[in-house]
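Dear colleague,

Please find the structure below, together with its sequence.

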Amino acid sequence: MFNYVLAALLQLSMFLLVEAAPVTVQSAKPWQAGTGGGIVGFIVLVLDIIAWIEIFKSNRPVSSKVIWALVVFLFPVVGMIIYYLFSNRQAHNTYEPISA
């Protein structure tokens, strides 16, 4: 079940990444061209995916996982900051780190 949810979130993230960076025609005002996310949007996407993986691998109750995932999904930048500051991550992260 976790794999299906994670795959769906990753696919949705990739779709949103493509939609966030539309192709624009260079207009007379260069500051308006290419306002579709770029590298900052990609960095936020990667950090959100890391937050989702951490949320779904934690030992929280399912309802808490869903609420935190929705906060991070609906408010990508603010939700990620709120999650990292206020989620008590040390008490809920019991998974093993990936060994090199």
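Helices, here, are DSSP runs of H or I with at least four residues, strands are runs of E with at least two, and both are numbered from the N terminus. By that definition, the chain has 5 helices and 0 strands, and its elements run α-α-α-α-α from the N terminus on. Please bear in mind that this is a predicted model. Of the 100 residues of the chain, 23% count as buried. Among contacts between residues at least 6 apart in sequence, 59% join residues at least 24 apart.

The packing of α2 and α3

The axes of helices α2 and α3 come within 9 Å of each other and cross at roughly 175°. Angles over 145 degrees count as roughly antiparallel, and α2 is therefore roughly antiparallel to α3. On the α2 side, the contact is made by D48, A51, W52, I55 and F56, and on the α3 side by K65, W68, A69, V72 and F73. Sorted by class, this contact has 8 nonpolar, no polar and 2 charged residues.

Which residues does I55 touch, leaving aside its neighbours within four places in sequence? They are K65, W68, A69, V72 and Y83. I55 and Y83 are 28 residues apart in sequence, and their C-alpha atoms are 9.2 Å apart in space.

Aromatic pairs

A pair of aromatic rings is described by the distance of the centres and the angle of the planes. A search of the whole structure finds 3 aromatic pairs. One of the pairs is formed by W52 and F73, whose ring centres are 6.0 Å apart and whose planes are at 40°, a tilted arrangement. Because W52 lies in helix α2 (residues 38–57) and F73 in helix α3 (residues 62–74), this pair ties together parts that are 21 residues apart in sequence. W52 counts as buried, at 3% relative accessibility, whereas F73 is partly exposed, with a relative accessible area of 26%.

How are the rings of Y83 and Y84 arranged? Their centres are 5.4 Å apart and their planes stand at 65°, so the pair is edge-to-face. Y83 is buried, with a relative accessible area of 0%, while Y84 is partly exposed at 27%. Ring pairs also link W68 with Y83 and Y84 into a cluster.

The faces of α4

Helix α4 covers residues 76–86, and G79, M80 and Y83 are buried in this helix. Viewed down the axis of α4, the buried residues fall within an arc of 100°, so they line one face of the helix. The face of α4 turned away from the buried side carries the exposed residues V78, L85 and F86. Just after α4, N88 takes a positive phi of about 55°.

To trace these findings in the model, one may begin with I55, which is in contact with W68 and Y83, among others. From there, the cluster of W68, Y83 and Y84 can be followed through its ring pairs.

Yours sincerely

Technical notes
Residues are numbered from 1 along each chain as its sequence is written. This is a predicted model: local features need pLDDT of at least 70, side-chain atom pairs count only at pLDDT 80 or more; totals for chains, interfaces and linings use all residues. Side-chain values use heavy atoms; hydrogens and water are left out. Rings of Phe, Tyr and Trp (its six-membered ring) pair if their centres lie within 6.5 Å; planes under 30 degrees apart count as stacked, over 60 as edge-to-face and the rest as tilted. Buried means under 20% relative accessible area, exposed over 50%, partly exposed in between (1.4 Å probe, protein chains only). Axes are lines fitted to C-alpha atoms, for helices over the stretch in contact, and angles run from 0 to 180 degrees between N-to-C directions. Angles under 35 degrees count as roughly parallel, over 145 as roughly antiparallel, 65 to 115 as roughly perpendicular and the rest as oblique. Contact means heavy atoms within 4.5 Å. Ala, Val, Leu, Ile, Met, Phe, Trp, Tyr, Cys and Pro count as nonpolar, Asp, Glu, Lys and Arg as charged, and the others, Gly among them, as polar. The arc is that of the directions from the helix axis to the C-beta atoms.
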